[in-house]
Every structure is written in C-alpha cells, then in structure tokens.
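Hello,

Here is the structure I promised to pass along. Have a look at it first, and then read on for what turned up in it.

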Amino acid sequence: MEWQAFWPPIRLSLQVALIASVVALAIGTFAARLMSRRRFSGQALAETAFMLPLVLPPTVVGFVLLVLLGRRSGAGRFIEWLTGAPVIFSWWAAVIASVVVAFPLVYQTMKNGFASVDREAEEAARVAGASELQVFLYITLPLAGHAFLTAFVLAFARGLGEFGATLMIAGNIPGRTQTVPTAIYVAVDAGHTGMAWAWTAAVIGISFLLLLFTGRARK
C-alpha cells in the first residue's frame, strides 16, 4: 500500500466528524431543550426512541438507514431526484450515519445541562422583556456552556470513530467514502500493519489534542 493513501481517510474522517457533530449538536440541543421544558403524553416513548441508536448494534443502525435511504425508498428517490445522485455510498451517507449514532450522546448531555440551569434566571429575563429566543441564547445556553462543549466533543469523537453504520450505507470506497476506521480494518485484513498503526496513531493524536483543548476550555 502506497503512503499517499494515508491522508484521504484522515481528511474525510475529520470532515465527516466535524459536519456530523455540528448537525447532531443542533438537533440534539433543540430536542433536549424541548423535552426538558415540556411534558406530554408519550414523552417516555419519544425519549426511548431518541436513545435507541446508543444501544443498538451499529450494523443494525446501518441496515435501517440503508432501507430508509436506499434507492428503492421514497426518501432515497427524493434525495436522488433533488441532488442528481443517490445518498447511499456517498460521503454524505457517512455524515448521516455519524449524526444518528452521535445524537443520543448530545441529547442526554444537553438535557442534563439544561436541567442544571437556574429557572429563576430564565424567568427574570422573561420578566425583563426578553423573548424566548433571547432567553435561550443569552441565559440558558451560556449557563449550560460546559454541557454544550462536552456534547460537541462527544459527537465529534463518535463521528470520528464510527465504523459499522458507516460501512453499511457509505461503503469503503478509497478516496470517496473510506474513513479512518474502515481504512484501518482493510489495512489489518490485508496485512498492512504499518499503515494501520499510522492511522491509529493519527486518531489517537487527534483525540488527545481534542481532549486537551476541552480541558483547557473548561478552566
């Protein structure tokens, strides 16, 4: 295996993890805010569904996504009509898989963060004339800042390490959909231990720097 093949999986993994973590953070934060402030019939079922990808085998998640987004599905045909290309076996499929598996981590982290926010501070802002959006942006979110940062790190790490679901719906196409986890698997299977160690060291280094940055940001 030639060493110029080292960088594409690194770049793609970082790209997928960054986009997926931002999307999962936005969706998870919205869902956590909604669920932490309202009570409704069927809430327990909804929360169970939110957390389900966390406990399901990644291949099961990947298979469900394959069925939902495949070229024979309504959603898959619509996306292909809209973009001119199927989402399956594209790098966007890897993003979708990473968002799905990272969402429960973001949701639970942000829900705990919102639960720790002093509601009297929010109510005082409302009394002062602040809108709900202003209360959220200037009171709630800053007070839950540590949870927000933790949720992003967890989502990024989950996206960076995603393997099973990604392999099911994005495949392992070198230069197009091959991420670091799938590249390591193929390298080990082919006996290219040196490349496998190089990718492993790169992931460890990225994770170390991410945790170091997070630790300093919390101080």
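**A buried threonine and its surroundings**

Thr-166 is buried, because its relative accessible area is 2%. Please keep in mind while reading that this is a predicted model. The residue sits in helix α9, which covers residues 164–169. If you set aside the neighbours within four places in sequence, Thr-166 is in contact with Ala-94, Ala-97, Ser-98, Gly-171 and Thr-179.

**The cavity**

The search of the whole structure found one cavity of 30 Å³ or more. The largest cavity holds about 40 Å³ of space. Which residues line the largest cavity? They are Ser-13, Val-16, Ala-94, Ser-98, Gly-159, Leu-160, Glu-162, Thr-166 and Thr-179. Two or more lining residues come from each of α1 (7–37), α5 (91–115) and α8 (145–161). Sorted by class, the lining of this cavity has three nonpolar residues, five polar ones and one charged one.

**The overall picture**

Stepping back from that spot, the protein has 11 helices and zero strands. Read along the sequence, the pattern is therefore α-α-α-α-α-α-α-α-α-α-α. The C-alpha trace spans about 65 × 45 × 30 Å along its principal axes. Of the 219 residues in the protein, 39% are buried. Among contacts with a separation of 6 or more, 73% are between residues 24 or more positions apart. The accessible surface comes to about 12100 Å², and carbon and sulfur atoms account for 69% of that surface.

**What the record says**

The UniProt entry, which is unreviewed, lists residues 12–32, 44–69, 89–107, 135–157 and 196–214 under "transmembrane region". Two of these spans can be set beside the model. For residues 135–157 the figures are 96% helix and 0% strand, with 30 Å between the end C-alpha atoms.

The largest pocket has about 330 Å³ of space. Its lining is made of 15 residues, and Pro-53, Val-61, Leu-65, Val-99 and Val-100 are the ones nearest its centre. At least two lining residues are supplied by each of α1, α2 (43–55), α3 (58–69) and α5.

The second largest pocket has a volume of about 270 Å³. Phe-30, Arg-33, Leu-34, Arg-37, Arg-38, Glu-132, Leu-133 and Phe-136 line this second pocket. Both α1 and α7 (132–143) give two or more residues to that lining. The largest share, four residues, comes from α1. By class, the second largest pocket is lined by four nonpolar, no polar and four charged residues.

Is Leu-12 buried or exposed? Leu-12 has 10% relative accessibility, so this leucine counts as buried, the cut-off being under 20%. Leu-12 belongs to helix α1. Apart from neighbours within four places in sequence, Leu-12 is in contact with Trp-91, Arg-176, Thr-177, Gln-178 and Thr-179. To give a sense of distance, Leu-12 and Glu-123 are 111 residues apart in sequence, and their C-alpha atoms are 44 Å apart in space.

The other one is Phe-89, which lies in the loop between α4 (74–83) and α5. Phe-89 is not a glycine, yet this phenylalanine has a positive phi of about 60 degrees. With a relative accessibility of 40%, Phe-89 counts as partly exposed, because that class runs between the 20% and 50% cut-offs.

Happy browsing, and best wishes

Definitions and conventions
Residues are numbered from 1 along each chain as its sequence is written. This is a predicted model: local features need pLDDT of at least 70, side-chain atom pairs count only at pLDDT 80 or more; totals for chains, interfaces and linings use all residues. Side-chain values use heavy atoms; hydrogens and water are left out. On a 1 Å grid over the protein atoms alone, a cavity is a set of points where a 1.4 Å probe fits but cannot get out, and a pocket is an open set with protein on both sides within 12 Å along at least five of seven lines; lining residues have an atom within 4 Å of a point. Grid points are joined across faces, edges and corners, and a volume is the space filled by probe spheres set on the points. Ala, Val, Leu, Ile, Met, Phe, Trp, Tyr, Cys and Pro count as nonpolar, Asp, Glu, Lys and Arg as charged, and the others, Gly among them, as polar. UniProt positions are given in the numbering used here, feature names are shortened, and annotations may be inferred rather than shown by experiment. Buried means under 20% relative accessible area, exposed over 50%, partly exposed in between (1.4 Å probe, protein chains only). Contact means heavy atoms within 4.5 Å. Accessible areas come from the Shrake-Rupley method with a 1.4 Å probe; for residues, only the protein chains shown count as cover.
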